[in-house]
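Q: Please take a close look at one part of this structure, a strand and the neighbours it pairs with, and explain it step by step for someone new to the subject.

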Amino acid sequence: MGGKVTCTLGEVKNRADFIIYWGGNPAECHPRHFTKYTIMQKGKFVPLGRKGRTMITIDIRETPSARAADIALIIKPGKDFELGTTLRALMKGQPVDEARVAEIGLSLDTIKDLVERMKRAKFGVIFFGMGLSMTRGKHMNSAGILNIAAEMNAFTKFVCMPMRGHGNVTGADVVLRWTTGYPFGVNLSRGYPRFNPGEFSTVDLLVRGDNDATLVLGADPGATMPQPAIDHLKKTPTIVLDPKVTHTSKLARVHFTTAVTGVSAGGTAYRMDEIPITLRPGLKSPYRTDEEIVNLIIAAVARKPAWRPAPIAQRA
Amino acid sequence: MVKITGGRVYDPANGVDGVVKDIYIGEDGRVTAEGNGSASRTIDANGMLVFPGGVDVHTHVAGGALNFARGLVPENQRVAQKFIHTPELRAGIGGLTPTTFATGYLYAGMGWTTVNEAAVPILSAKHTHEEMHDIPIVDKSTLLLMANNELMLDLLEAGEFERAKSLVGWMLWASKTFGIKAVNPGGVAAWKWGKNANQLHQPIEGYSKVTAAQIVMDLARICDELGLPHPMHLHQNNLGVPGNVGSTIETMNMLQGRRAHLAHLQFHAYGGHDWNTMRSGAKEVAEAFMSHKNLTCDVGAILFGDAVTITADGPWQHFLHELTGRKWGNLDVENETGCGIVPYVYNNHKLVNAIQWAVGLELLLLIDDPWRVYLTTDHPNGGGFWRYPEILRLLMDVEFRKAEVKKLPPEALNRISLPEIDREYSISEMVIVTSAGPARALGLKQKGHLGAGADGDVTIYSATPDADGVMFTHPRYVIKGGKVVVEEGQIRALAEGRVFLVHPEFDPAIEDFIRPTFQKLYTLSFENYPTEMTRLKHPETVGCVPQ
């Protein structure tokens, strides 16, 4: 099992007649998502636009996104995995225990209705957010959703997509994959890439205090990471590249103010569906770009003597 | 100037078959007829074999689909060959979905100097070119996925052939690609609705007139009329399906009078009706193929062991996922194409896999004109490209091959013709199927030979097998554009690979036609659609000769 069944956003625009947002609040976090890609657009095969699409939200509270939905399902916190599993069971006609299903916070009839609607869709899509991937169950919740989308293809066309954010995080993921073979949590200390999320992910390294120094690019771990990680950033040399003052830049040893990518610096950004977009800066900045500063750092490091121990034969 | 002296030179494109002669490569990185001036480097190739650098006509080494696969199979990367970084070389990982830098090192390390990436969607062509930028040493070309492009299908449905032709020309230039790839014509478009295109002459899902056959015929004609150096590169309908021999031969008949390259023919040469009755259809396919002189093909042979199947053929991949229960990646690209990824293991105890293994070799052995059949594994679909030497041994050593055939399940033996074939490849034939032939099919005149003016891409192998009886795994020297890049089994220098592209002539008014449709159907602005020339490292435009 596993994998990911997905598409680019234009497929959703042109074809999706059934859209689920699960554990996310695009109305506030991805404000252009509805209007540019999903429910509001008139698509090639959804000529009626909003009227031709059914939108469902699944969340633990009534978010502003839920108010845009045709059906807003409120479930109990931490029950995403259970709902996912129930959907998969019902989809395949397997029996479920009604009392256990009740713990999810939805009636069995409501979930059965959802499954029927999913099967009737011509093209269904599930967008899932951090309410699912960063709460109890974490990657197991994501895996559950990915499996629902994959298994629904036995009945109709179905895809899913994580609602990624934070600027060009998808771009970082993409570039790491082609250069190291892995998307994140890569350790190069043996001279070749190794991958082990939970051990080599940034937060784990910082909490354990494994690293001697930290270079922070376009992120603000000082605002989001647990206290031991922040303490380690304070204790050791931290270098921040950011156009603005952030929680991390305040505790850093060095803060380079940079030009703003997309506004005063060019480059490429990847959308959440991994489509690259060329950024054309409209303004000039007195500050250097991230790329220029990183290249200067690389050049300065290259001027230092190599860190490698000399081959044994050459040692004194 | 580099002088290679004393080696036995195999240059079949120029009729040189194992003659001891010197090869000179000038300062411009090209082969010169006579050595004038003193050589800055003389390589003593005494007792060695001198070949033009290998050319891979069909491989998947860069792009959104491959990068998706890298993320999907971390368990494969973990056990794959590691590349430790040095002051000169980048770190990386080999295996079935190698990192970009490792891809360059692996190809060059095997003696291959030109590769053709066979699947690029226009929408993510920028990304493909970014990856190609990071593949060192080898020269690269790319093929654009068109057979399921809905802008084109809509034009064909409306009977607007000329406009479709301009559209294809514009798309080639916009994506900075080299040729046209057709994958499961109409089938991927149908997959957007969860359907496939199994019948060549039925209208495809979502259309009332256009059929798979029409897409094939029109695209082949467009490639000819635009005068592309490489003809339409076709992954036919019904890949992998038992009994697909029928539609494969029918497609060949349809293409009468047109140029076309048939990709990974092994996957299209199965007889029988289902998995239980499946048998090799290589004899029928090879016979039909030989009578169509207008066609070339690569085999897409499979090797026992791990593979990762990556193809734009979305519906087939869904089927393979259901068949194997392995993980499944799917990525539909708006209005253009799709892609599916399923890890797979070819097992020599399984009847179906044994037949597939035999079919690849049978095609290579039964098609008697090596200039029209080329060695590929459809990397990484049939196995990693770095396993090509294993296939070469099977082709060149009949005793070894017969011993390997004996290891197959007994019930496979009456379903294949491999046990009766005694042909052995000569060294010259081996050079043709790995270099001279594919270079000619790609229309790269400076590749695949060692005549004056050819690129100084030379691979020098030892003339004797290693202790395991294997040849051609580790060249003694590899020279790329006159630079010695591999020596004593080490990457010694990084030549900067070029990227080949075409700029066919098309009616410029097509842009005004595409723009409004594009704005309606896509999710970015039209100005952001084309790939900028600045993204390409060392681009080289190859001329088109309309026919």
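A: Two strands are said to pair if DSSP finds at least two bridges between them. With that in mind, and remembering that this is a predicted model, we can turn to strand β11 of chain B, which spans residues 112–120. This strand is mostly covered, since 9 of its 9 residues are buried, where buried stands for a relative accessible area under 20%.

β11(B) has a partner in strand β8 of chain B, made of residues 54–59, and the two run parallel, joined by 4 bridges. One position to look for in this pairing is T114(B) in β11(B), which is the bridge partner of V55(B).

β11(B) also pairs with strand β12 of chain B, residues 139–145, again in the parallel sense and over 5 bridges. Here E117(B) has T142(B), in β12(B), as its bridge partner. To pass from β11(B) to β12(B), the chain goes through helix α4 of chain B, residues 125–133, and this β-α-β crossover is right-handed.

At the start of α5(B), a side-chain oxygen of N149(B) comes to within 3.0 Å of the backbone nitrogen of L151(B), while after the helix follows G159(B), whose phi is positive, near 75°.

How values were computed
Residues are numbered from 1 along each chain as its sequence is written. Chains are lettered from A and ligands numbered from 1 in the order in which they are written. This is a predicted model: local features need pLDDT of at least 70, side-chain atom pairs count only at pLDDT 80 or more; totals for chains, interfaces and linings use all residues. Side-chain values use heavy atoms; hydrogens and water are left out. A polar contact is a pair of N or O atoms within 3.5 Å; within protein, one must be able to donate a hydrogen and the other to accept it, and residues adjacent in sequence count only if both atoms are side-chain atoms. Buried means under 20% relative accessible area, exposed over 50%, partly exposed in between (1.4 Å probe, protein chains only). A crossover is right-handed if, with the strands pointing away from the viewer, the path from the first strand over the helix to the second runs clockwise.
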